[in-house]
Amino acid sequence: MYKNLIELFKENEGKGAVGAFNLHCFEMLPAMIQAAEELNVPIIIQTSLGTAEYIGFEPLIAAVKALAEKSSVNVALHMDHCKSVSNLHRIWRLWVRNNKRKYQSYGKSRSRCDRDRYSILRSDC
């Protein structure tokens, strides 16, 4: 089932950690979800901006959502470590287009020159 992170975490509270795994190409996706099904655990599929741009945002989202809807486990999609506000706005526009959730969450990282890094978890869109 395709979930956002808040839903996924609420349903799994007290049951242990939820694994998040980086997706680099389409070929990895079925195997990642199949492994989660075999273990009967939820999974977070993470992508970088580079991967999303390489594959294409819409095909990537469609593939994750289609496989998640057929899955017996909960699956969330997460855009990890966006490094600029303009890229975050791009993801946000994908979210609000047609009032459909696209990426379920995103993380923002400051540049490597900054002293610290931080993440923003946003799953209420």
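## A predicted α/β chain and its nonpolar cores

Of the 125 residues in the protein chain, 42% are buried, where buried means under 20% relative accessible area, exposed means over 50%, and partly exposed lies in between (1.4 Å probe, protein chains only). Please keep in mind that this is a predicted model, in which local features need pLDDT of at least 70, side-chain atom pairs count only at pLDDT 80 or more, and totals for chains, interfaces and linings use all residues. Residues are numbered from 1 along each chain as its sequence is written, and side-chain values use heavy atoms, with hydrogens and water left out.

**Overall layout**

The protein chain has 5 helices and 4 strands; these are DSSP runs (helices H or I, at least four residues; strands E, at least two), numbered from the N terminus. Along the sequence, their order is α-β-α-β-α-α-β-α-β. Among contacts in the protein chain with a separation of 6 or more, 70% join residues 24 or more positions apart, a contact being heavy atoms within 4.5 Å.

**The cores**

In soluble globular proteins, nonpolar side chains tend to be buried together. Here the largest nonpolar core holds 25 residues, and the members touching the most others are Leu29, Ile45, Phe57, Val64, Val75 and Met79. A nonpolar core is a set of buried Ala, Val, Leu, Ile, Met, Phe, Trp, Tyr and Cys residues joined through side-chain atoms within 4.5 Å. Two or more residues of this core come from each of α2 (28-39), β2 (43-47), α3 (49-55), α4 (57-70), β3 (75-82) and α5 (85-96). Which element gives the most to this core? That is α4, with 6 residues.

Val64 shows how such a member is placed: leaving aside its neighbours within four places in sequence, Val64 contacts Tyr2, Leu29, Val75 and Leu77. There is also a second, separate core of 5 residues, including Leu5, Leu8, Val18 and Ile44.

**How α2 meets α4**

Two packed helices are described by the angle between their axes and the distance between the axes. For α2 and α4, the angle is about 25° and the axes are 11 Å apart; axes are lines fitted to C-alpha atoms, for helices over the stretch in contact, and angles run from 0 to 180 degrees between N-to-C directions. That makes α2 roughly parallel to α4, because angles under 35 degrees count as roughly parallel, over 145 as roughly antiparallel, 65 to 115 as roughly perpendicular and the rest as oblique. On the α2 side the contact is made by Leu29, Pro30, Ile33 and Glu37, and on the α4 side by Ala63, Val64, Leu67, Ala68 and Lys70.

Leu67, in helix α4, is partly exposed at 30% relative accessibility. Not counting residues up to four places away in sequence, Leu67 touches Leu29, Pro30 and Ile33.

**Single residues worth a look**

Thr51 sits in helix α3 and is buried, with a relative accessible area of 9%. Beyond its neighbours within four places in sequence, Thr51 contacts Leu23, His24 and Gly56. Ala52 is in helix α3 too, and is buried at a relative accessible area of 0%. Over in helix α5, Leu88 counts as buried at 11% relative accessibility.

Two loop residues make a handy pair to view. Asn12 lies in the loop between α1 (5-11) and β1 (19-22) and counts as buried at 13% relative accessibility. Its contacts, leaving aside neighbours within four places in sequence, are Val18, Pro42 and Asn74. Asn40 lies in the loop between α2 and β2, and at 61% relative accessibility Asn40 counts as exposed. What is the phi of Asn40? The value is near 55°, which is positive in a residue other than glycine.

**Pairs apart in sequence**

The table lists C-alpha to C-alpha distances for some of the residues discussed above.

| Pair | Separation in sequence | C-alpha distance |
|---|---|---|
| Asn12 and Asn74 | 62 residues | 9.9 Å |
| Leu67 and Leu29 | 38 residues | 8.3 Å |
| Ala52 and Cys25 | 27 residues | 9.2 Å |
| Leu88 and Leu49 | 39 residues | 9.7 Å |
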